[in-house]
Amino acid sequence: MTREHRAHEPLVLGIETSCDETGVGIVRGTTLLANVIASSMDEHARYGGVVPEIAARAHLEALTPTLTTALEQADVTLADLDAVAVTSGPGLSGALMVGVGAAKALAVSLDKPLYAVNHLVGHVGADVLTGEDVEHPTVALLVSGGHTSLLLVRDLVNDVEMLGETIDDAAGEAFDKVARLLGLPYPGGPEIDRAAASGDPTAIRFPRGLSLPKDMEKHRYDFSFSGLKTAVARWVEQRRDAGEEVPVADVAASFREAVADVLITKAVAACRDLGVPRLLLGGGVVANARVRALAEERCAAAGIALRIPPFSLCTDNGAMIAALGAQLVAAGRPPSGLGFGADSTLPVTSIQA
Amino acid sequence: MLLSIDTSAGTSVAVVDRDRGIIAEHSEADTRRHAEVIGELIARCLTDAGVAVTGLSGVAVGMGPGPFTGLRVGIAAAQSFALGAARPVVRVVSHDAIAYGHYASGGSGPLLVTTDARRRELYWSEYAGADEQGLPVRVEGPGLSSPDPIASRDIRRLDAQEVSAGALGTLAEAMHLHGRSFAGEEPLYLRSPDVTLAAGPKRVSG
């Protein structure tokens with residue numbers, strides 16, 4: 001391969017440890033070569049949510065085997081790499097530090113440049129691996145157990161703006177909490193989805209957070225799910241107090257509808273307001289059938305091109321970190337050096353740390 | 001020649017050689033900056049030692065005891081450096097490096113090593129002395145304790161603030177030379193993750 005070609009198609013390994021998934025991905029430019037994920041989800045199940053210390057311990061155990069498997073899958077050696085990329089934030093500090101420490105030492109041992117990248121922008125970067133032409137600007141809605149963010153991406157490596165985010169719980173967290181109060185297991189998303197399938201989404205009108213005119217002035221693109229969770233809890237308690245049976249399917253369907261409705265309403269509004277006819281979905285909540293269906297329906301009606309990468313690229317993964325790293329290399333960005341730290345609140349404007 | 005890393009207290013990195021001892025050592029005492037400094041300390045040690053990665057025979061790492069978050073950074077770094085260098089990792093109990101340094105500089109007899117475990121507790125290890133090869137003989141620990149039972153012990157105490165990667169690396173070289181077995185793969189956290197099972201969803205209505 002010529003030098004020029006390599007500059008545009010750099011071979012990059014990406015490490016992601018911001019939450020409960022240990023991800024290692026390898027890409028050549030925009031071509032996905034490996035995407036290996038070890039999850040500690042099962043270890044968190046009995047606690048009803050991610051326990052940071054358990055996640056961090058699991059990362060340390062999983063990282064070397066995950067790296068080795070990814071290299072085997074991609075059929076490349078570490079010496080072949082052009083660069084290493086790692087998530088430096090946002091995320092859980094102790095979890096991030098495992099990846100940051102490992103990536104720095106790996107880069108030094110290989111004498112390769114190291115790129116510290118933003119986890120949320122990484123989710124957007126995953127889109128370049130789908131093999132289709134990616135157009136910007138785009139609005140991106142990233143929804144997971146840790147994040148609910150609406151971004152305006154004018155340029156993946158130069159210009160990403162946070163339009164709004166959750167002011168309390170992440171949407172995925174709300175699914176976990178509501179599942180719990182309905183007696184469903186963790187993680188709540190798939191369980192609510194399953195229970196909702198036979199329910200009536202209009203049975204109960206749960207509140208749409210930050211959607212009233214007075215809230216829209218200050219929080220047009222922000223989300224809130226804490227009040228919704230409380231409203232569901234109150235409704236369920238009233239039924240139980242009255243000795244009535246709780247219609248789990250209807251509660252699940254109505255709750256899910258409230259979440260999906262507010263997510264997609266605000267995302268579509270952002271596309272319209274900003275004159276951007278493109279919406280990208282990312283994050284684990286993309287697996288939710290109703291969120292996808294509602295996005296498809298409303299985007300089609302509004303003439304917005306909707307993009308949803310394959311699920312393995314939507315949940316936390318190392319391939320998206322490698323992909324963003326490769327974009328930074330291709331754009332001629334200097335590496336991050338070795339002095340950066342884990343930043344649990346890294347803003348999206350910091351695409352590279 | 002070994003690259004040696006310990007993050008059980010501050011961050012310490014060294015390059016050591018069996019014959020020449022500590023060739024390069026750089027440390028950061030701050031106990032909250034492991035992830036920030038680890039890469040630069042490794043790079044500086046390699047540069048100062050004038051050694052290429054291919055000139056190393058392995059990576060030694062302190063497995064603690066130490067506070068979780070920092071301890072993991074060193075172990076993660078050692079493992080991935082070893083993967084990149086295609087060299088083995090050898091694991092050492094961090095307190096053993098403190099005791100080894102003590103005996104190597106003329107100390108002898110029973111010794112109780114302690115390091116800060118935060119939350120008003122101490123990590124401790126007890127040693128009978130050094131054996132004929134100068135290696136520390138740990139008879140109890142590492143353990144975790146409140147300060148009181150340790151204060152009442154009638155034994156020479158060494159309260160360490162730092163763990164030298166240089167001492168840890170030279171100990172690892174000596175252990176290897178004398179065919180001693182290294183520590184296991186499990187980090188010495190000595191504490192369970194802070195987590196309690198919730199009783200169930202809390203009531204929201206009055």
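One salt bridge is counted between domain 1 of chain A and domain 2 of chain A, a salt bridge being a side-chain nitrogen of Lys or Arg within 4 Å of a carboxyl oxygen of Asp or Glu. The side chains of A:Asp127 and A:Arg307 meet in a salt bridge with an N to O distance of 2.8 Å. The model is predicted, so that local features need pLDDT of at least 70 and side-chain atom pairs count only at pLDDT 80 or more, while totals for chains, interfaces and linings use all residues. Residues are numbered from 1 along each chain as its sequence is written, chains are lettered from A in the order in which they are written, and side-chain values use heavy atoms, without hydrogens and water.

Domain 1 of chain A comprises 3-130 + 313-330, and domain 2 comprises 138-309; these bounds come from an automatic or database domain assignment. The C-alpha centres of the two domains lie 27 Å apart. Their contact (heavy atoms within 4.5 Å) takes 24 residues from domain 1 and 23 residues from domain 2.

The size of an interface is often given as the accessible area lost when the parts come together. Between domain 1 and domain 2 of chain A the buried area (accessible area, 1.4 Å probe, that two parts lose on being put together, summed over both) is about 1800 Å², with 77% given by carbon and sulfur atoms. A:Leu120, A:Val124 and A:Cys314 supply 33% of the area that domain 1 buries against domain 2, more than any other three residues.
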